[in-house]
Amino acid sequence: MDIRAFFALALPGSVARWLADYADTLCQFDKQIEVNWVDAESYHLTLCFLGEISLEQIDQLEEIARNKLAEARSFQVRINTAEYYPVSNQLAVIAAMSQEDEELSGLNRAMMEIALEAGIEFKEEDFKPHITLGRLPARNQFEAPEEWPSLDLFSLADSVILFQSKPGERGSIYTPLFTIPLQDMA
């Protein structure tokens, strides 16, 4: 049996609430009502989407991740931009992101290396770590603003989680499969 999985950072409730308010301000650009806005409880910062993996690969991923991240330190992620982001030929997202954050990019690369070491092949050519605020079909009439509303907040990256993703009635349902804590910044 295969499952859909991805590595992500959890977001504190206060950050999720702020992002939900921010997403509300973006509704004005959804003139054709094409965006399926994500519930704030489902917000997370996706580091690496793995696609379909086998149940056997979960234990392997956890072992490799624990070893590779044993010395990794927690850090602050600055979320300071929003984008219209085409994910695939079928899907685009409205996402909150961090502009060129070295620590976040390094963690993204580490998660891709862990996946490759576990024998998971995936396509990540243009992948950017992001927080999905809304999903819409790749062919759409969404009018991305020339200048997005201001966004500037911080979230602590203190653990990496492997999530399972299952389609649900009101969007995807995310189940944590394992969590790897990062070393305290202090």
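The count of disulfides in this structure is 0, where a disulfide is a pair of cysteine sulfur atoms within 2.5 Å. In general terms, such a link is a covalent bond between the sulfur atoms of two cysteines. This is a predicted model, in which local features need pLDDT of at least 70 and side-chain atom pairs count only at pLDDT 80 or more, while totals for chains, interfaces and linings use all residues. Residues are numbered from 1 along each chain as its sequence is written, and side-chain values use heavy atoms, with hydrogens and water left out.

Cys48 is buried, at 0% relative accessibility, and Cys27 is partly exposed, at 34%. Here buried means under 20% relative accessible area, exposed means over 50%, and partly exposed lies in between (1.4 Å probe, protein chains only). The areas themselves come from the Shrake-Rupley method with a 1.4 Å probe, and for residues only the protein chains shown count as cover.

Charged side chains come next. The structure holds 4 salt bridges, a salt bridge being a side-chain nitrogen of Lys or Arg within 4 Å of a carboxyl oxygen of Asp or Glu. One of them joins the side chains of Arg66 and Glu62, at 2.9 Å from N to O. These residues are 4 apart in helix H2, so about one helical turn separates them. Helices (H or I, at least four residues) and strands (E, at least two) are DSSP runs, numbered from the N terminus. Arg66 is partly exposed at 38%, and Glu62 is partly exposed at 23%.

Another salt bridge pairs Asp152 with Arg78, at 2.6 Å from N to O. Asp152 sits in the loop between strand E7 (131-137) and strand E8 (153-157), and Arg78 in strand E4 (residues 75-79), so this pair ties together parts that are 74 residues apart in sequence. Asp152 is partly exposed, with a relative accessible area of 41%, and Arg78 is partly exposed, with 36%.

The side chains of Glu83 and Lys128 also meet in a salt bridge, at 2.9 Å from N to O. Because Glu83 lies in strand E5 (residues 81-86) and Lys128 in the loop between helix H3 (102-117) and E7, the contact ties together parts that are 45 residues apart in sequence. Glu83 is partly exposed at 24%, and Lys128 is partly exposed at 33%.

Helix H2 also contributes to a surface feature. Asp2, Glu52, Glu56, Asp59 and Glu63 gather in a patch of negative charge on the surface. Patches are made of residues with over 30% relative accessible area and no salt bridge; like charges are joined within 9 Å, and nonpolar side chains (Val, Leu, Ile, Met, Phe, Trp, Tyr) within 5 Å. Helix H2 (residues 55-68) supplies the largest share of the patch, 3 residues. Glu56 is placed in helix H2 and is exposed, at 62% relative accessibility.

Arg66 lies in helix H2 as well. The C-alpha atoms of Arg66 and Ala118 are separated by 13 Å, and the two residues are 52 residues apart along the chain.

The last point concerns the backbone. Ile33 is a residue other than glycine with a positive phi, near 50 degrees. Most residues other than glycine have a negative phi. Ile33 is found in the loop between helix H1 (13-26) and strand E2 (36-37), and at 73% relative accessibility Ile33 is exposed.

Notes. Lys, Arg positive; Asp, Glu negative; His and termini not counted. Charge placed at Lys NZ, Arg CZ, Asp CG, Glu CD.
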